[in-house]
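Trainee: Before I use the terms for this model, I would like to know what backs each of them.
Mentor: Then ask term by term, and each value can be set against its cut-off.

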Amino acid sequence: MVTKAKGYGKRGKENIAIQFNKLQLSSPTRYQTLEDVDTTKAKINKHHRQSITFTVGDEIDQADMDKPTKKHLTPLFSLFEVNSSISIFSDWARVWSTHCDFTKIAQGTYGAVFRIQSKAQPGTFTIGKLIPLQARTGWGSKTKEFTTIVAARNEVAFLATLDELHGFVQFRKAEVLQGPLPTALELPSTVFDATLDADVISPRWTGACRNSEQLWLFLEMSDAGIDLETALTKNLPQNPIQTSRNRTRSIQPVHIRDIFWQVASALALAEKKFFFEHRDLHLGNICLTHVQGPLPDGGLELWTNTPTVLVTIIDYTLSRAAIPSLAYELGPIFNNLSDDPVLFEGAGAGQYDVYRQMRSVLKDRWQRFEPLTNVYWLTHLLELLLERKPDGRQSPANTQLWNRLEDLKDRLIGNDKTKFRSARDIVRYCEGATKGRK
């Protein structure tokens, strides 16, 4: 569970052309309709994108790797996207810190997130996620806070596969590192960790940061701005949605429309192409950033003078999908949520009700494809956004849009599981309703 904002995202050239007019929902420019998505030729990205900062080449020393360690890491190294060697963490950090500055922005149970700024191009950022891996034997081999090699492989596979679809984070590289946390990352970690409650930082994480034999997975992704939860609660310069200064942080209906549609359409495409369910789409896993002007290749066509918002879905830890490169050997990739019963015992936030809804419909058979789980999360998202209605009188256009969004919410809440069984059903309904109003 991440305690602070996180954000990493998608390149602009593949954005959906969203032609909203009175809740008009059009199809992505990359595919003419959902039916045009070719699920039989789904491909995983088979090349490394260059890091946003620099190319490390042979500058970084490599750690010796004995046969047991190499065998232990085989599931991870079997992916084309992962460099099949282990870099010495201190030397890796020396090279990176020569070219960029690190700022820690999140600490979670299974890793930490850093925003990395290029020194050569100030204002150019990338995101790095650092994950401690379970050891083969000895200390850290049974620690639940550390990620198994299979789970690490799955995360890389999700990133590399969903990368090709609009609305999902852009994956850049994956590397395995060895050694204690170097100074270049320790200093920004100390600054960030001082803002957290004492019980947030796990003793196991602290131990990993000091262990000379610790293995880490470093994932580089592009920056998607700030998460929706932060956008709704804090007035920050990078916040792309206009919020009032009152306690409830109201949001305009055009932004609700834009956010909901982009999330729904991204999920619909992923369902069609990869039998994808996110299964953890709370506000912290939806990121927002500004989009300046009309974008190439369709871009975002919004109402005149309406601020544009680009949405990116992140964090596939609990997700389920058929990954083309792994499906033949392993079948669908999924997380057995039944192994974490605490997840279903939470209270005080609507997202815990969604976890229980998922368990009810899947009956603890988490390998099954059940896109109704995406409907549950979209309903939860729309409910939360519509709670942010501004006070005072609204323009006729805003009033009409609020009414249509409220009507959609009521239909989703009253869903009898036959009308809306997937995100694709929601997108088709909205497109059909739009055509019916013309």
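**Terms and their grounds**

Mentor: This is a predicted model.

Trainee: Which residues of H6 are the buried ones?
Mentor: In H6, residues 203-210, they are Trp205, Ala208 and Cys209.

Trainee: Why are these said to lie on the same side of H6?
Mentor: They cover an arc of only 100° around the axis, and therefore they sit on the same side of H6. In general, an α-helix has 3.6 residues a turn, so residues three or four places apart point the same way.

Trainee: What do the buried residues of H6 pack against?
Mentor: Four strands: S3 (100-108), S4 (111-118), S5 (125-132) and S7 (215-221).

Trainee: What makes S7 mostly covered?
Mentor: Seven of its seven residues are buried. Leu215, Leu217, Leu219 and Met221 point one way from S7, while Trp216, Phe218 and Glu220 point the other way.

Trainee: How do you know that S7 pairs with S5 and with S6?
Mentor: Pairing requires at least two bridges. S5 and S7 have six, in the antiparallel sense, and S6 and S7 have seven, also antiparallel. Both counts therefore meet the requirement. As examples, Ile127 stands opposite Met221 in S7, and Gln178 stands opposite Leu215 in S7.

Trainee: Why is Leu181 called buried?
Mentor: Its relative accessible area is 11%, and buried means under 20%. The value is under the cut-off, so the term applies to Leu181.

Trainee: Where is Leu181 found, and what does it touch?
Mentor: Leu181 is in the loop between strand S6 (171-178) and helix H5 (183-193). Leaving out residues up to four places away in sequence, Leu181 touches Phe89, Leu130, Glu186, Ser189 and Cys209. Leu181 and Cys209 are 28 residues apart along the chain, yet their C-alpha atoms are separated by 4.7 Å.

Trainee: Which residues touch the most other members of the largest nonpolar core?
Mentor: Leu228 and Val263, out of 96 residues. Helix H8 (residues 253-274) gives the most to this core, with 13 residues. A second, separate core of 24 residues includes Trp92, Leu130, Phe146 and Leu181.

Trainee: What does Val263 touch, not counting residues up to four places away in sequence?
Mentor: Leu281, Ile286, Val311, Ile313, Leu378 and Leu381. In soluble globular proteins, nonpolar side chains tend to be buried together.

Terms used
Residues numbered from 1 in each chain as written. Predicted model: local features only at pLDDT ≥ 70, side-chain atom pairs only at ≥ 80, totals over all residues. Heavy atoms only, no water. Helix = DSSP H or I, 4+ residues; strand = E, 2+ residues; numbered from the N terminus. Buried < 20%, exposed > 50% of the residue type's maximum accessible area, 1.4 Å probe, protein only. Contact = heavy atoms within 4.5 Å. Core = buried A, V, L, I, M, F, W, Y, C linked by side-chain atoms within 4.5 Å. Arc of directions from axis to C-beta.
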